[in-house]
Amino acid sequence: MATAAPSAAPRDVHPARIALALCIGVLCWWAGQHLPFLPNARPDAACRLLFVTGFTTSCWLLAAMPIAATSLLPLGLLPLLGVQSTAEMTRGYGDPILWLFGGGFVLAQAVERCGLHRRLALRVVGALGPYPGRLVLGFFLAATCVSMWINNTAVALLLLPIGSVLVQRTQALGSLSPRAQANFGAGILCAIAYGASIGGIGSPIGTAPNAIFFAAHEPLVQQGARPVSFLLWVLAFAPFALLLATAASFAITRFALPLPRARLQHGDELLEEARQLSAWSKAEVRTAALFGLAVLAWMTRGDLQLGSGQVLHGWAHWLVPAGERDRYILDGSVAVLVAILAFLIPAGTPDGRRLCDWETARTMPFDLLLLLGGGIAMADAFGPTGVSAAFGELMRPLIGAVHPALLLFVLVVTITMLSEIASNTAVATLLLPILRDGAIAANIDPLVLMLPAVVAASFGFMLPIATPPNTIVFSSRQLSFGQMARAGIVVDLLAAALIVPVLWWWALPILGVDPQQLGGKR
């Protein structure tokens, strides 16, 4: 009897790439042995953490194995190597932000189910015209402007269905060549993710690192330091956010993901579809109202610092005692409650269906939730092992030894690289106190180090784990790791090159800070 031929290896497992990722991890282990860890750090554990971080990140970047399997590597390896216990690691995989994603995905599915995303996408085409470059710029600026005032995760969740349906329509019409279509789809999704992160820089409430900055700076204000008001922050960084979004759109569509400048083929058909849109259905109205409710709840949950000691209390202030709100009521709680409402509210159709059902929700990309959990779990290990402190110590000898503009650039690039493999919130939480205390020890204004650091923490554009908006758009599966990395490194370098002159000649002077202090001038 003939034996059956052995089945081919799964296409999503690549032994050669796994071996290469393993070599990169070993190289990170070796490099860690030469980092200046603090005396109270755990150098052996830190080196093992760098090995797991390098190995895991390389597997993600090289697509060496399924995303879910790669994302579980930290949970399996870090306890085995004695870096952190399994109980400590699982906290990352159950982080509240995962529930924000879960609830947000259900809400996005409700938007898609009723067709609201198609209506909004065609409105965008009608306003900007059927030109690929203009559409990418439009999504960039829309995400940037909205995310200055709304949580960047919510912005990505809002715009993703709109961008996705636009990409699907152009593909169905055959408006672009296959290569240009792939670049267009990736460009639209990158514009949503990057614009949401960039816009968060522009206001104190735009992104979590900004809030962490104000928390780290508050003790100095209580000791008599000059406060950074809401208005001054917007004046200092909102123009930079708009400048970076515009420049990033140009760089992506010209170099990283080149697009034709000509009008889309069959573009008139898209414009005609936009003109012939029917009246809003009950399902669209109710879904839009539910999404608006979620955005409003996210915007008004926390307290808003208005400067001069004035505080505008959010709705959470009236539900939970002071000091406990950030433990009990988080954006993830809002997302879950809104998702529950989506399961309960009728869509207003004859078949009696709801805005969302479990058959739809079960298609949620759970492997990408694991991806985010793995990134958070690794980031949580950076502090106890001393890795974050070591990166901070690398900056100390440079103060007064090099030109201050060069030092600002090195600081921005270093933190940008770190934020690629750790969440921007984790980077800000771990490094801002280090930089604050290091600046005080060096007898310079802490703002001269803290401000570049908090801005650079939002510069992670290469990897899906770098920021929540990156993870959200990657969940659409309409762009690859390679496309995101190629576009992301261009935007990372562009952001680092632009922020230094903006800080030097605009932002720091507006905030009353002299960057020349980094040159040793006191």
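## Ala 288 and the basis of the values

Ala 288 is partly exposed, with a relative accessible area of 28%, on a scale where buried means under 20%, exposed means over 50% and partly exposed lies in between (1.4 Å probe, protein chains only). Ala 288 belongs to helix α14 (residues 282–300); helices here are DSSP runs of H or I with at least four residues, strands are runs of E with at least two, and both are numbered from the N terminus. Along the chain Ala 288 and Ala 110 are 178 residues apart, and their C-alpha atoms are separated by 9.5 Å.

The model is predicted: local features need pLDDT of at least 70, side-chain atom pairs count only at pLDDT 80 or more, and totals for chains, interfaces and linings use all residues. Residues are numbered from 1 along each chain as its sequence is written, and side-chain values use heavy atoms, with hydrogens and water left out.

## Other pairs separated along the chain

Ala 156, in helix α9 (residues 152–173), is buried at 0% relative accessibility.

Thr 467 is placed in a loop, the one between α23 and α24 (468–474). Thr 467 counts as buried, its relative accessible area being 1%. Thr 467 and Ala 196 are 271 residues apart in sequence and 9.8 Å apart in space, C-alpha to C-alpha.

Helix α23 (residues 447–456) is largely enclosed by the rest of the structure, because ten of its ten residues are buried. Among them are Leu 447, Met 450, Pro 452 and Ala 456.

Helix α21 (residues 404–421) has 18 residues and spans 27 Å from its first C-alpha to its last. That is close to the 26 Å expected at 1.5 Å a residue, where the expected span is 1.5 Å times one less than the number of residues. The buried residues of α21 include Leu 407, Leu 408, Leu 411, Val 412, Ile 415, Leu 418 and Ser 419. An α-helix has 3.6 residues a turn, so residues three or four places apart point the same way.

## The second largest pocket

The second largest pocket holds about 730 Å³ of space. Of the 26 residues lining it, Cys 28, Met 417, Leu 418, Glu 420 and Ile 421 are the closest to its centre. The elements that give two or more residues to this lining are α1 (15–32), α2 (43–62), α21 and α25 (481–510). Helix α21 gives the most, with seven residues. Leu 418, Glu 420 and Ile 421 are also among the buried residues of α21.

A pocket is found on a 1 Å grid over the protein atoms alone, as an open set of points where a 1.4 Å probe fits, with protein on both sides within 12 Å along at least five of seven lines; lining residues have an atom within 4 Å of a point. Grid points are joined across faces, edges and corners, and the volume is the space filled by probe spheres set on the points.

## Salt bridges

How many salt bridges does a search of the whole structure find? The search finds two, a salt bridge being a side-chain nitrogen of Lys or Arg within 4 Å of a carboxyl oxygen of Asp or Glu. One joins the side chains of Arg 113 and Asp 357 at 2.5 Å, N to O. This pair links distant parts of the chain, 244 residues apart: Arg 113 is in helix α6 (residues 96–114) and Asp 357 in the loop between α16 and α17 (358–361). Arg 113 is partly exposed, with a relative accessible area of 23%, and Asp 357 is partly exposed at 25%.

The side chains of Glu 359 and Arg 362 form a salt bridge at 3.3 Å, N to O. Glu 359 is exposed at 55% relative accessibility, whereas Arg 362 is partly exposed at 48%.

## A nonpolar surface patch

Trp 99, Leu 293, Val 336, Leu 337, Ile 340, Leu 341 and Leu 344 form a nonpolar patch on the surface, with about 660 Å² of accessible area together. Patches are made of residues with over 30% relative accessible area and no salt bridge, with nonpolar side chains (Val, Leu, Ile, Met, Phe, Trp, Tyr) joined within 5 Å and like charges within 9 Å. Accessible areas come from the Shrake-Rupley method with a 1.4 Å probe, and for residues only the protein chains shown count as cover.

Helix α16 (residues 331–344) supplies the largest share of the patch, five residues. Leu 341 is found in this helix and is partly exposed, at 33% relative accessibility.
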